[in-house]
Amino acid sequence: MAEQPLMNTYGRLPIAFERGEGCWLFDTDGNKYFDTFSGIAVCGLGHCHPSVVDAIKDQAGRLMHCSNLYQIPLQQSLANELCTVSGMDAVFFSNSGAEANEAAIKLARLYGHKLGKESPCIIVMERSFHGRTLATLSATGNRKVQAGFEPLVSGFVRAPFNDIDAIRHIAKSNTNVVAVLLEPIQGEGGLSVADADYLKEIRAICDHNQWLLMLDEVQTGNGRTGHYFAYQGLGIVPDVVTTAKGLGNGFPIGACLARGNAAEIFTPGSHGSTYGGNPLACAAALAVIKTITEQNLCDNARIMGQRIIDGLKSAFDGAQYIADIRGQGLMIGIEMLDTCPELVALARTKGILLNVTSDKVIRLVPPLNITEAEADFLVSSVVQIIKLYAADDRISPR
Ligand SMILES: Cc1ncc(COP(=O)(O)O)c(C=O)c1O
């Protein structure tokens with residue numbers, strides 16, 4: 001039997017936290033750490049934001065769960081709020097990002113069958129990440145996520161990210177396509193930002209072919225990129241958008257939103273979830289949306305994001321070991337020239353929690369309500385740690 005009776009799915013770091021407040025986490029030995037990645041883009045309001053804590057406490061004492069066989073007024077209120085901030089028409093609630101994407105995939109298949117396509121197929125991207133369920137890992141463009149779980153779910157065709165010719169080519173050669181599913185910024189895929197022109201072209205191709213444009217905003221949504229959803233800064237409107245992570249600020253909830261015809265595809269019995277949209281989750285998410293809107297946190301994410309990018313660019317001007325600094329709002333990547341396996345451990349000894357994705361991209365996704373002083377502290381700490389790491393000859397020069 002394993003030392004701890006947990007299945008061995010995570011390579012866990014030797015540290016445990018017992019308390020959180022804003023950008024800060026406190027471990028079981030009483031040490032304090034600055035969290036640069038908010039539980040991987042989840043705690044957009046910071047750890048234990050009082051509005052969410054109060055909403056959960058209050059709702060927990062009234063009604064936590066109620067079957068979706070009944071009317072759930074909080075779910076209806078949350079759907080209204082989400083439609084208002086997104087411009088979508090209808091919402092299906094799930095408990096996670098993967099489940100939100102499962103809903104989108106099922107919706108696209110039903111849509112395809114309604115168009116008379118027997119084997120509907122969805123275009124997905126290289127280096128994408130959509131989750132760990134069988135359908136979402138099959139949609140994911142990362143062999144490490146898929147290996148060992150074959151046979152994969154069929155019905156996906158893959159294209160290189162940001163390559164519009166590849167989409168045009170598929171449009172000409174594959175008559176089974178019914179939708180395109182992609183992330184506006186590939187989070188797990190190394191903070192790659194989709195070009196606005198590329199997305200506009202995809203929108204036009206989808207319109208021309210009666211395909212659904214489906215955006216996975218599990219990571220980019222809920223204010224992260226400086227807009228409530230990233231597409232709102234890109235001049236396009238999708239047919240379907242999925243979200244999770246920041247929606248509950250740590251309380252598990254996901255959502256699949258749709259508009260127009262796509263909003264009317266599901267009928268009673270076609271999809272469901274026991275917990276999806278239960279009163280407790282909805283109370284948490286309503287508090288999140290209210291706080292983001294009332295406190296103009298999308299604006300703050302834009303302003304603070306620019307401040308952090310400017311600070312990093314100026315500190316690393318001419319640095320041989322930095323390949324790129326990029327991002328939108330408070331979704332920022334520092335791409336190192338080489339892999340940096342020991343950087344996370346070094347940062348931890350300095351009281352900073354860092355996350356590295358795609359082996360060499362430091363992902364900075366701090367809370368949307370980060371202050372100027374906290375943003376400056378983040379920049380100076382991260383710069384100091386990377387410079388120390390580079391000075392130790394752990395990084396080979398370009
Ligand atoms: C873009 C994207 N989609 C889907 C998921 C899966 O979300 P979850 O882990 O909540 O199932 C993630 C998680 O990292 C993600 O970043």
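Predicted model: local features only at pLDDT ≥ 70, side-chain atom pairs only at ≥ 80, totals over all residues.
Residues are numbered from 1 along each chain as its sequence is written, and side-chain values use heavy atoms, with hydrogens and water left out.

- Helices (H or I, at least four residues) and strands (E, at least two) are DSSP runs, numbered from the N terminus.
- Two strands pair if DSSP finds at least two bridges between them.
- Strand β2 (residues 24-27) and strand β3 (residues 32-35) run antiparallel, joined by 3 bridges.
- Leucine 25 has tyrosine 33 in β3 as its bridge partner.
- β2 and β3 make a hairpin with 4 residues between them. Glycine 30, in the turn, has a positive phi of about 85°.
- β3 and strand β15 (residues 352-353) run parallel, with 2 bridges. Phenylalanine 34 has isoleucine 352 in β15 as its bridge partner.
- Strands of a sheet pair through backbone hydrogen bonds, either parallel or antiparallel.

**Aromatic pairs**

- Rings of Phe, Tyr and Trp (its six-membered ring) pair if their centres lie within 6.5 Å; planes under 30 degrees apart count as stacked, over 60 as edge-to-face and the rest as tilted.
- The whole structure holds 9 aromatic pairs.
- Tryptophan 24 and phenylalanine 377 have ring centres 5.8 Å apart and planes at 40°, so this pair is tilted.
- That pair links distant parts of the chain: tryptophan 24 is in strand β2 and phenylalanine 377 is in helix α12, 353 residues apart.
- Buried means under 20% relative accessible area, exposed over 50%, and partly exposed in between (1.4 Å probe, protein chains only).
- Tryptophan 24 is partly exposed because its relative accessible area is 22%. Phenylalanine 377 is partly exposed too, at 35%.
- Phenylalanine 229 and tyrosine 231 form a stacked pair, 5.8 Å centre to centre with 5° between the planes. Both phenylalanine 229 and tyrosine 231 are buried.
- Trp24, Phe34 and Phe377 are linked into a cluster by ring pairs.

- Helix α12 (residues 372-391) has 20 residues. From first C-alpha to last it reaches 28 Å, close to the 28 Å expected at 1.5 Å a residue.
- The expected span of a helix is 1.5 Å times one less than its number of residues.
- Buried residues in α12 include Ala375, Leu378, Val379, Val382, Ile386 and Tyr389.
- α9 has 16 residues and reaches 22 Å from its first C-alpha to its last, close to the 22 Å expected.
- α9 is mostly covered, with 13 of its 16 residues buried.

**Nonpolar cores**

- A nonpolar core is a set of buried Ala, Val, Leu, Ile, Met, Phe, Trp, Tyr and Cys residues joined through side-chain atoms within 4.5 Å.
- The largest nonpolar core has 86 residues. Leu82, Leu182, Leu312, Ile334, Leu364 and Ile386 touch the most other members.
- This core draws at least three residues from each of domain 1 (17-41 + 296-391) and domain 2 (50-294); the domain bounds come from an automatic or database domain assignment.
- Another core, of 22 residues, lies apart from it, with Tyr111, Val240, Ala258 and Ile265 among them.
- Isoleucine 386 touches Phe316, Tyr321, Ile322, Ile334, Met336, Leu343 and Ile362, not counting residues up to four places away in sequence. Contact means heavy atoms within 4.5 Å.

**Serine 138**

- Serine 138 lies in helix α5 (residues 134-139). Serine 138 counts as buried because its relative accessibility is 4%.
- Leaving aside neighbours within four places in sequence, serine 138 is in contact with Gln146, Leu152, Val153, Phe156 and Arg158.

**Backbone exceptions**

- Most residues other than glycine have a negative phi, and most peptide bonds are trans.
- The peptide bond from glutamate 150 to proline 151 is cis, with omega near 5°. Proline 151 is in the loop between α6 (143-146) and β6 (156-159).
- Asparagine 296 counts as partly exposed because its relative accessibility is 48%.
- Aspartate 359 has a positive phi near 70°, in the loop between β16 (356-357) and β17 (361-364).
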